[in-house]
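The following exercises are to be worked through with the sequence and the 3D structure at hand. Each task is followed by a solution in steps.

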Amino acid sequence: MLIPALQISDSESVGLEDGILKSLKMNENKPGDSQNLACVFCRKNDDCPNKYGEKKTNEKWNLTVHYYCLLMSSGIWQRGKEEEGVYGFLIEDIRKEVNRASKLKCCICKKNGASIGCVAPRCKRSYHFPCGLQKECIFQFTGNFASFCWNHRPVQIASNNYKESLPCTICLEFIQPIPSYNILRSPCCKNAWFHRDCLQVQAINAGVFFFRCTICNNSDIFQKEMLRMGIHIPEKDASWELEENAYQELLQHHERCDVRRCRCKEGRDYNAPDSKWEIKLCQCCGSSGTHLACSSLRSWEQNWECLECRGIIYNSGEFQKAKKHVLPNSNNVGITDCLLEESSPKLPRQSPGSQSKDLLRQGSKFRRNVSTLLIELGFQIKKKTKRLYINKANIWNSALDGFRNKSFNPSYAIEVAYVIENDNFGSEQPGSKQEFLSLLMQHLENSSLFEGSLSKNLSLNSQALKENLYYEAGKMLAISLVHGGPSPGFFSKTLFNCLVYGPENTQPILDDVSDFDVAQIIIRINTATTVADLKSVINECSNYLEFIGCLRLITTLSDKYMLVKDILVYHVIQRVQEPFKSFKQGLKTLGVLETIQAYPEAFCSILCHKPDSLSAKILSDLFTVHTLPDVKALGFWNSYLQAVEDGKSTTTMEDILIFATGCSSIPPAGFKPTPSIECLHMDFPVGNKCNNCLAIPITNTYKEFQENMDFAIRNTLRLDKEKNSHYIGH
């Protein structure tokens, strides 16, 4: 509900000037010294932007105000433009509000001028803004800019009982994790706690574009909760972006070949687009480059890292030196939706030039590689580990148990231990995280949560909705992407577009309909050639059309197109609205959905398409030799890969990769650790899926090498399948 401007009667206007002069008495002799001038509302001359907002003086009218005192006053609204009056509040409105407040006594300091009142029904408390802060009142800088006294202020409910202190995730000082006025918890991460003062300072510095949860980078849910609890989030650029030429480096482009031996006769600085002498930049740092020909790159799209980045990514055990990157905010376009819950006449000010800087910020999104984006998301993963006990014969339920465990945190590193159900000895063995995630994604693709053959959409499963399984599915997908697992690759373009652009901006197609009967109805309507044929089809299907709310009066043949569109929207989108909301919420885990929405082109390639087929060269480049190689065995290995690619072996490229790593394709974020090869004196190869290590045998002849490789790989995979089937049968 909007707060109307105060109406002053003729009788009240007689003493208006006296009240204003009394309120402005402190300022009348010091118009030039703004630091010593007192705010006309709170009567304090403090200049503390973090607590009271900016302090501004209108010298023409000899009037000084704190921004928050003005913004939170109950009887005034912003009727002018930004440059009019003070922050868009007209001078005459301010004078009327000062006069109104001069008749109200602050219930805290007992002095007049209390312009702010508690909005709780029947509560008559009024107070100055600084007094309210001192008494721990809450002021909401959103919606109607409501204020709440200490008895009626909103509170947070603790979801867990913590026995030990936890650090404030901003200042790292340990605090007692109990919600109070000065201690706030994150709505999206149960272990994230903050000092109120730390949050307020961060909000002012970051602004609405970069203020987000310090753990999971969520902005939407986090900002709404902080606004509810009285944190002011200014609609401005982050303080570090307000520096002059802050984005100037985005306009500079490195154009130089930096490899050890440049083959270009024109020199290292020569760059010829769309040719082998085009310069490709390092996908990680962007500060080193190479000609395509100098690094044997086939096309511009092929990934390339400089030596320094390659050493960090593929040889180090942890990303210890990498700083946590700030993820782009996907909600910049509709930012007022999360800042203002309702339309309000009091609008937070926007910093000058923010639109042009926003365009520069968006420019940095071009040509971002999906593997780089996932590696950046992976910086959230902490050194602390969480062990998941997984039954390979019942991947889904054991994964659900692990992810729903109270001690599970998506940002913890995952360890996997395989167990056998009904094993009286309780034995367990180390498992491969990537193999577990790969098996989980395969199960998810074939589960009843999705429908369709190749390109899948969400299904409507009432039991799964009741058990919140759609949320868990989205969460599993997000965890798989960030923790180095495979991408799903089975999303339909319609499902992907709904996630990125919203269901209201997505139009389904006939291929999205997996129900044969519904598809036949759509085809019959779409192929009707006369109005009579169209009406006949509609009469036959009237019960169904009436049930879904699509029954309509047909007057022309062209009405069939709108009818088909309505049926598609209902069946593919509206029918699964609740599963979609739940699935989308789960996909927000670790900031994955926000990143997908910021870089849709990059993620479409891994969410809507299966990985490219493996080749001998891909596998040869993928595996590195970490021990002293046996030249003869390595030659046999390369020949074996070529034979498999040519179909001269009973195994496939995918079989080899599964045997060594547990995955049938290369994860978008790459393998960690890097797959390696050892040459050992033994009869058969051995795959260590936990370390992505393949030990190949040293044999006398290539024929013996191939036979031993085929036998071991084929039988190991067959035994794994039979073992799982046996467990499921029992």
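**Exercise 1. Identify the residue of β21 that stands opposite Leu-680, and describe the sheet around this pair.**

Step 1. Leu-680 stands opposite Pro-697 in β21. The model is predicted, so local features need pLDDT of at least 70 and side-chain atom pairs count only at pLDDT 80 or more, while totals for chains, interfaces and linings use all residues. Residues are numbered from 1 along each chain as its sequence is written, and side-chain values use heavy atoms, with hydrogens and water left out.

Step 2. Strand β19 (residues 676–680) and strand β21 (residues 693–697) run parallel and are joined by 5 bridges. Strands (E, at least two residues) and helices (H or I, at least four) are DSSP runs numbered from the N terminus, and two strands pair if DSSP finds at least two bridges between them.

Step 3. The open sheet has 4 strands in the order β18-β19-β21-β20, with mixed pairing. Its edges are β18 (624–625) and β20 (686–688); each has a single partner strand, so one side of each lacks a neighbour in the sheet.

Step 4. Helix α27 (residues 653–661) packs on this sheet and touches β20 and β21, its direction making about 60 degrees with that of β20. Contact here means heavy atoms within 4.5 Å; axes are lines fitted to C-alpha atoms, for helices over the stretch in contact, and angles between N-to-C directions run from 0 to 180 degrees.

**Exercise 2. Determine the strand order of the sheet that contains β14, and locate the helix packed on it.**

Step 1. The order is β13-β14-β15, in an open sheet of 3 strands with mixed pairing. The edge strands β13 (382–390) and β15 (428–431) each pair on one side only, and the twist averages 35 degrees from one strand to the next.

Step 2. Over 7 bridges, β13 pairs with strand β14 (residues 412–419) in the parallel sense. Val-416 in β14 is the bridge partner of Leu-388.

Step 3. Helix α14 (residues 433–445) packs on the sheet, where it touches β13, β14 and β15; its direction makes about 80 degrees with that of β14.

**Exercise 3. Characterise the hairpin of β1 and β2.**

Step 1. Strand β1 (residues 55–58) is joined to β2 by 4 bridges, and the two run antiparallel. Lys-55 stands opposite His-66 in β2.

Step 2. Between the hairpin strands lie 4 residues, and Asn-62 in the turn has a positive phi of about 50 degrees.

Step 3. From strand β2 (residues 63–66), Leu-63 and Val-65 point one way, Thr-64 and His-66 the other, and all are buried (under 20% relative accessible area; exposed is over 50%, partly exposed in between, with a 1.4 Å probe and protein chains only).

**Exercise 4. Describe how helices α17 and α24 pack.**

Step 1. The axes of α17 (residues 493–501) and α24 (residues 600–607) come within 11 Å and cross at roughly 150 degrees. The two helices are therefore roughly antiparallel to each other (over 145 degrees; under 35 is roughly parallel, 65 to 115 roughly perpendicular and the rest oblique).

Step 2. The contact is made by Lys-493, Phe-496, Val-500 and Tyr-501 of α17 together with Pro-600, Phe-603, Cys-604 and Leu-607 of α24.
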